[in-house]
Every structure is written in C-alpha cells, then in structure tokens.
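Hi there,

Here is the structure I promised to pass on to you. Have a look at it first, and my notes follow below.

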Amino acid sequence: MSSTARKRRVVLLGSTGSIGTSTLKVAAMLRDRIEIIALAASTSVEKLAEQVRETGVRDVAIHDAAKEAELRALVPEGTRIYTGTEGLVHLATLAEADIVLVSIIGTAGLHPALAAIEEGKDLAVASKEILVMAGEVITAAAEKHGVRILPVDSEHNAIFQCLDGHRGGEAEVSRLILTASGGPFRRMPADQLAQVTPEQALKHPTWNMGPKITIDSATLFNKGLEMIEARWLFGIGMERIDVVVHPQSIIHSMVEFRDGSVLAQLSRTDMCFPIQYALTWPDRVKGNLQPLDFPTLAKLEFEAPRDDDFPALHLARRAGLTGGTLPAVLNAANEVAVDAFRAGHLPFPGIWECVAATMDAHTVRTSPDLSAVVAADAWARETARDFCQHLA
C-alpha cells in the first residue's frame with residue numbers, strides 16, 4: 001500500500017443528514033480506506049445513537065445541549081459525549097483525525113471548520129455556508145496551515161476533478177461552468193410561481209436531498225451559493241463562473257480552457273461518488289458504485305437559466321463581486337426566507353424579495369474577520385425576519 005493509500009481517519013460533522021448518511025455508506029463500502037472515528041449531529045438523537053452503535057465510535061457530539069441526556073441513554077456505556085459548538089470544535093481537533101468532513105447546515109459548521117484547519121486537519125466541505133460566509137478567512141487559514149480543502153458538493157467536486165493534474169494554472173481557465181438541474185419549476189410560467197407550495201418545491205426531479213437544499217434548488221439559490229463557493233475553492237473570479245441548466249444531472253460541472261476545450265465530469269446522480277473521491281483523493285478506488293450505461297442515456301440537454309424569473313443568480317453574482325460581508329448576508333437572509341416559506345408565511349417569490357431587500361439594507365464591511373462575518377449573519381437574520389413578518 002502506497003503512502004497515499006493509507007486508511008484515512010474521518011471526523012463526520014453532520015452525520016444524520018443526507019450527506020452524512022451517504023458518507024457512512026461509503027465508509028462501510030471502503031473499510032480498508034476510510035475509518036469514521038467521531039460523529040456529530042444537530043438534534044437527531046435517535047438516528048445519531050443508531051449510527052454510534054453501528055460504527056462503534058467512542059466520541060460523539062450533539063449540537064443541541066438539551067439533548068445530551070436523551071442521547072446518553074441510547075448509546076453504549078463509555079461513549080464520550082460533547083455538546084454545543086465547543087463539542088463540535090473538540091471533535092474537529094481530535095489528535096487522531098486525518099480529515100474532517102463538515103456537512104452541517106447553516107453557520108454551526110463555521111467554527112469547527114476553522115478549528116480543524118488551524119489544527120492542521122484536511123477539510124472536506126459539504127456545507128456551502130462555510131465558504132460563502134467566510135471564504136476569505138477560511139482559504140487564508142488553509143494556506144497558512146498548509147491544509148487542503150476538498151469539495152464534496154457534486155458540482156465543485158466535478159470541477160476539482162477536471163482541474164486535478166492541470167498544470168497551466170487559473171490563467172488557462174476561461175470559465176467554470178456549474179450545471180443546474182433547473183429544479184421542479186424549470187418550465188413553469190413566471191406568473192404561476194406565486195402559487196407554488198412548499199410541498200411542490202420539496203419534490204426535486206433528480207436529486208434526493210434535505211429540505212433546505214431542495215428548496216434552494218427550486219429557487220436557484222443553491223446554484224448562486226455554489227458560484228460564490230467556487231470562487232473561493234478555485235481562485236477564479238466571479239466574472240468567469242457561469243451556470244447552465246442540464247436537467248438530466250449527469251454532467252456535474254465543466255471547465256472551459258482558453259483554447260476552447262471543455263472538460264466535464266459525469267456520473268450517476270449519487271452523492272456517494274463525490275464523497276468517495278474527496279475521502280480517497282488523490283487515489284481512485286474501486287467500490288460498488290455503478291458507472292454510467294451510456295446506451296441508456298437518451299440525451300443530454302442544456303439551456304440557459306431564466307435569470308429574470310429566478311433572480312437568485314443575479315443576487316449571488318452581486319454578492320460575490322461585492323464581497324466583504326455581503327455573501328454572509330445573502331446566505332443568512334435566504335435561510336430565514338426558506339424557513340418562512342416552508343412555514344407558509346412567505347410566498348415562493350418572496351424568498352428572492354426577502355434576500356434582495358436584506359442585501360439592499362446592508363452596509364458592507366470589506367475584508368471582515370470571523371467576528372464581523374458572524375455579526376453580519378446575525379444582523380441579516382434579524383432584518384430578514386422583520387421583512388417576513390411585514391409580509392405575513
């Protein structure tokens with residue numbers, strides 16, 4: 001076994017969500033390459049306890065400290081339980097960890113991600129918020145401590161694969177092209193979007209994801225956040241990051257080079273593919289994931305996104321180009337608006353309106369440190385809640 005093929009010891013933050021459960025599936029498939037040594041979840045006590053029993057991990061964290069006693073009653077004796085952000089940071093900095101995979105939704109993953117980097121751990125990122133909110137802080141810390149940030153999102157993992165081994169640097173890249181499924185309302189007339197219900201928005205045509213990211217896919221905010229994330233992951237300016245709608249979700253993203261050539265990464269719509277590549281990189285390992293059967297692919301379609309009807313991409317590009325605290329404001333306002341929409345307090349187009357109004361009201365702080373980012377996040381949430389209450 002080569003030095004790069006050794007087993008990697010993984011701390012999994014966000015184990016009970018869709019990325020977390022897929023990561024455990026990959027780890028079970030590749031036991032000689034991946035060892036899960038710690039798990040953390042936000043509030044899902046029963047599912048977390050079940051994962052603790054199945055994996056045999058001794059270190060576990062629950063973000064909601066009020067759930068500690070409930071969790072302790074369900075896990076084997078001797079399990080070490082940690083709580084809150086401090087608990088997540090403790091797991092992220094375990095001495096025996098090689099890599100920390102962060103798939104916690106929202107801002108809870110920010111501090112443990114930075115702590116992992118400062119402790120010299122490689123970071124596998126599935127939580128968009130980490131780089132959207134604090135891309136400048138996180139990438140600077142990663143460079144300072146010499147750690148790698150490995151993308152888990154299928155789109156960024158695809159670009160990572162297309163760029164891996166490319167020796168020409170960013171100067172030879174013309175565009176990063178993120179693919180989008182278009183969501184369930186890709187062909188819905190604009191005048192009908194106000195009648196969209198949460199139940200309709202939660203039915204994604206190709207991917208099986210959590211509710212927040214599924215709503216984001218329907219509004220295209222998911223793709224907007226990915227544009228900002230790509231800017232920090234790959235050091236490419238926002239003006240060179242584009243989106244194309246690809247309903248089949250077979251091509252997960254592409255890189256166009258200055259000679260006009262385009263490299264793309266293709267696979268089935270299964271998050272186990274990018275998770276496996278992130279955790280076994282730089283090796284390609286044989287598992288039991290099924291490759292594409294090209295004769296059964298009827299067609300691969302592409303179309304331009306409807307930017308005016310789904311203005312999330314405009315808002316994200318504005319936030320990414322402006323920089324500073326504005327991306328954190330966009331992210332926070334979107335989270336509040338999605339919650340309000342799911343609760344029936346905001347119409348579907350109100351999600352875009354809430355984010356735009358919150359961004360318009362914000363005074364941007366340039367080159368923010370982590371405390372300024374967190375403060376902007378809190379301000380945006382309060383401002384967005386006020387907006388939603390006025391519409392309710």
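How many salt bridges does the count come to? The count comes to 22 salt bridges. Please keep in mind that this is a predicted model.

Let me start with a few of those pairs. Asp377 and Arg381 meet through their side chains in a salt bridge, at 2.8 Å from N to O. Both residues lie in helix H15, 4 residues apart, or about one turn of the helix, and both are buried.

Glu68 and Arg72 are also 4 residues apart, in helix H3 (residues 68–72). Their closest N and O atoms are 3.0 Å apart. Here Glu68 is partly exposed, with a relative accessible area of 27%, and Arg72 is partly exposed too, at 42%.

Another pair is Asp242 with Arg317, where the closest N and O atoms are 3.7 Å apart.

Now to the strands. Strand E6 (residues 122–125) pairs in parallel with strand E5 (residues 99–102) through 4 bridges, and Val100 stands opposite Leu123. E6 also runs parallel to strand E7 (residues 149–151), with 3 bridges between them; there, Ala124 has Leu150 as its bridge partner. The path from E6 to E7 goes through helix H6 (residues 128–145) in a right-handed β-α-β crossover. E5, helix H5 (residues 110–118) and E6 form a right-handed β-α-β unit.

Which way do the residues of E6 point? Asp122 and Ala124 point one way, Leu123 and Val125 the other, and all are buried. In a regular strand, side chains alternate between the two faces of the sheet.

In helix H14 (residues 348–361), the buried residues include Phe348, Ile351, Trp352 and Met359. Among the elements that cover the buried residues of H14 are helices H9, H12 and H15.

Asp216 is in helix H9 and is buried, with a relative accessible area of 2%. Its side chain makes a polar contact with the side chain of Lys212 at 2.4 Å. Beyond its neighbours within four places in sequence, Asp216 is in contact with Phe221, Asn222, Leu225, Asn334 and Val338.

Best wishes

How values were computed
Residues are numbered from 1 along each chain as its sequence is written. This is a predicted model: local features need pLDDT of at least 70, side-chain atom pairs count only at pLDDT 80 or more; totals for chains, interfaces and linings use all residues. Side-chain values use heavy atoms; hydrogens and water are left out. Buried means under 20% relative accessible area, exposed over 50%, partly exposed in between (1.4 Å probe, protein chains only). Helices (H or I, at least four residues) and strands (E, at least two) are DSSP runs, numbered from the N terminus. Two strands pair if DSSP finds at least two bridges between them. A crossover is right-handed if, with the strands pointing away from the viewer, the path from the first strand over the helix to the second runs clockwise. Contact means heavy atoms within 4.5 Å. A polar contact is a pair of N or O atoms within 3.5 Å; within protein, one must be able to donate a hydrogen and the other to accept it, and residues adjacent in sequence count only if both atoms are side-chain atoms. A salt bridge is a side-chain nitrogen of Lys or Arg within 4 Å of a carboxyl oxygen of Asp or Glu.
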